[in-house]
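The structure is shown first, and the description follows.

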Amino acid sequence: MMINDLTAAERRVWDAFPLGAAVDFTTAGEEDAAAGDDAEWGPERTVRARVLRALLLTAPQEEGEVAALKIEGARITGRLDLKYATVDSVVRLSDCRFDEVPDFSGAQFTYLNLTKSVFPGLRSARMRVDGGLRLTECRFRGPVRLTGAQISGTLFMERAEFTAPDDEPALRLNQAEIGEELCAPGLRANGEVQLGGAHVAGAVDLRRCRLHRPGGTALSAATLATESDVVLRHADVRGRVELRGARVGSRLELSYARLSNPGGMALRVSSCVISELWLRNGPPMEGVLNMRRAQIEVLFVEPDMLPDQVLLNSLTYTSLIPHEPAQRRLPMLERDGEVYLPYSYEQLTAAYRRIGDDDAARRVQLAKQRRHRATLRWHGRLWGYAQDAAVGYGFRPLRAAVWLLSLMAVGSVAYAVRPPSPLKADEAPEFNPVFYTLDLLLPIIDFGQERAYAPDGWSQWLSYVLVITGWILATTVVTGVTRTVSRQ
């Protein structure tokens, strides 16, 4: 391009580039250089995209100076096409307005800063940035494609806004490699944000983000891998959060977050490996929570934040905090839409035993038996009700003592009022109503009373009841003791 083909605005940029000097087209008091209609972006602040391309790829360098493209408040007309180009200079295009979608696909940059600029979209698949990429407070009115991007430093997207048609994702970062952090607090997206298969060496910071795609997937991050935190503190997500198979080296934090996808999946962390999962201080989740087959070291879940349906099949966790009574935790197990899953009860029991709360562990085991009872045939349920009423499936052994004392008192009074007749009067021991009742109640112990006396009438029927009840109590006590010993 000949130098005399440049406009006045373009000449300023051309002359400043070899020196690394900044060119500011903003006017005094301008709060948002990228706002306003086309009439406010006259030729005095308009630069053609092909001029910038020529500068970055062919412009001569000034000896002893570091060339850099630094523009603020310009309107970029035409398409800035740097596809597969290698740009050795620092590029900073802040508060700029792009008329067409730039194409940086496969390009290599040293450093790229597009802070507060407005774009109709961005094509940057497989782009490489040796330093950082800054999209702070940028506004994108079309799809942003960063699939397969390699960014050695941090990707900054604080308070950036992404909007795309319903049939396209707003932001694609699938299979991206980020050497430091993904820093995007306050990010806003109307459309799907994709992080599937991305690898982030540092944290993924999405604090206070607003992700809206009602009825669809708002955040798709299946198989995301990060060695640090994934933070959605104070996030507002309308749509599905998909984290299936993700690997989070530290916390997945959803404190104070609102997750809403009524009638669908609100949060899916199935098959994930997570050091800590935090669900606390937020409103109740709207939709389904799927934690099947996840492996979590610390599960920090407040019961009030859980939705009406929680899928827990094969969920594994070591610690469950905060410490809550078993009555507060058991509804979580009962909200699984599947059939009876004993493993979920065993996990909760183990969590209580690790902190020494044996009473809560027993309550969970009792709830497990009661839920299992509902899956049995009628005779199994009948026997289960007998065990539950007698000794609480062995987890309430004092009930057996209460039953025995009560029945012993009834039998002793009844047989004292109407003693049974001796079978052999000359050989029978002296009748004792208390020990006679114990002989009937206790199947193994023999005081010599039962075989020496024969009741009749209503007292005979009472003896049948005492014998049958004694066997039921003995069997349930033995069953409970056996279960307790086997757990030890």
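This is a predicted model: local features need pLDDT of at least 70, side-chain atom pairs count only at pLDDT 80 or more; totals for chains, interfaces and linings use all residues.

On the side of helix 1 the contact is formed by Glu10, Val13 and Trp14, which meet Val51, Leu52, Ala54 and Leu55 of helix 2. By class, this contact holds six nonpolar residues, no polar residue and one charged residue.

Within helix 2, the buried residues are Ala49, Val51, Leu52, Ala54, Leu55 and Leu56. These buried residues pack against helix 1 and also against strand 2 (46–48), strand 3 (68–72), strand 4 (75–77), strand 5 (86–87) and strand 6 (90–94). In soluble globular proteins, nonpolar side chains tend to be buried together.

The largest nonpolar core has 118 residues, and the members that touch the most others are Leu69, Phe104, Phe109, Met157, Phe162 and Leu267. Helix 2 (residues 49–58) supplies the largest share of this core, with six residues. Apart from this core lies another one, of twelve residues, which includes Leu407, Ala452, Tyr453 and Leu473. Which residues does Leu69 contact once its neighbours within four places in sequence are left aside? They are Val13, Phe17, Leu52, Leu55, Leu56, Val90, Val91, Arg92 and Leu93.

Two packed helices are described by the angle between their axes and the distance between the axes. The table gives these values for two further pairs.

| Helix pair | Angle between axes | Axis distance |
|---|---|---|
| Helix 3 (residues 326–334) and helix 4 (residues 342–354) | roughly 155 degrees | within 10 Å |
| Helix 4 and helix 5 (residues 358–373) | about 170 degrees | 8 Å |

With the axes of helix 3 and helix 4 crossing at roughly 155 degrees, helix 3 is roughly antiparallel to helix 4, because angles over 145 degrees are counted in that class. Helix 3 passes helix 4 in a right-handed crossing, and the residues that make the contact are Ala326, Arg329, Leu330, Leu333 and Glu334 of helix 3 together with Ser344, Tyr345, Leu348 and Tyr352 of helix 4. These residues divide into six nonpolar, one polar and two charged.

For the other pair, the angle of about 170 degrees likewise makes helix 4 roughly antiparallel to helix 5. Here Pro342, Tyr345, Glu346, Leu348, Thr349, Tyr352 and Arg353 of helix 4 meet Asp358, Ala360, Ala361, Val364, Gln365, Ala367, Lys368 and Arg371 of helix 5. The contact of helix 4 with helix 5 has eight nonpolar, two polar and five charged residues. Tyr345, Leu348 and Tyr352 of helix 4 are named both in the contact with helix 3 and in the contact with helix 5.

**A buried cysteine**

Is Cys138 buried or exposed? Cys138 has a relative accessible area of 0% and is therefore buried, the limit for that class being under 20%. Cys138 sits in the loop between strand 13 (133–134) and strand 14 (139–140), where it touches Leu114, Thr115, Lys116, Ser117, Phe119, Arg159, Ala160 and Glu161, not counting residues up to four places away in sequence. The C-alpha atom of Cys138 is separated by 59 Å from that of Arg373, which is 235 residues away along the chain.

The peptide bond from Ile321 to Pro322 is cis, with omega near -5 degrees, and Pro322 lies in the loop that joins strand 36 (316–321) and helix 3. Ser314 is found in the loop between strand 35 (309–311) and strand 36, and its phi is near 65 degrees, a positive value in a residue other than glycine. Tyr256, in the loop between strand 30 (247–253) and strand 31 (258–268), also has a positive phi, of about 60 degrees, although it is not a glycine. Tyr256 is partly exposed, with a relative accessible area of 34%, and Ser314 is likewise partly exposed, at 34%.

Key. Residues are numbered from 1 along each chain as its sequence is written. Side-chain values use heavy atoms; hydrogens and water are left out. Axes are lines fitted to C-alpha atoms, for helices over the stretch in contact, and angles run from 0 to 180 degrees between N-to-C directions. Helices (H or I, at least four residues) and strands (E, at least two) are DSSP runs, numbered from the N terminus. Angles under 35 degrees count as roughly parallel, over 145 as roughly antiparallel, 65 to 115 as roughly perpendicular and the rest as oblique. A crossing is left-handed if the near helix is turned anticlockwise from the far one by less than a right angle, and right-handed if clockwise. Contact means heavy atoms within 4.5 Å. Ala, Val, Leu, Ile, Met, Phe, Trp, Tyr, Cys and Pro count as nonpolar, Asp, Glu, Lys and Arg as charged, and the others, Gly among them, as polar. A nonpolar core is a set of buried Ala, Val, Leu, Ile, Met, Phe, Trp, Tyr and Cys residues joined through side-chain atoms within 4.5 Å. Buried means under 20% relative accessible area, exposed over 50%, partly exposed in between (1.4 Å probe, protein chains only).
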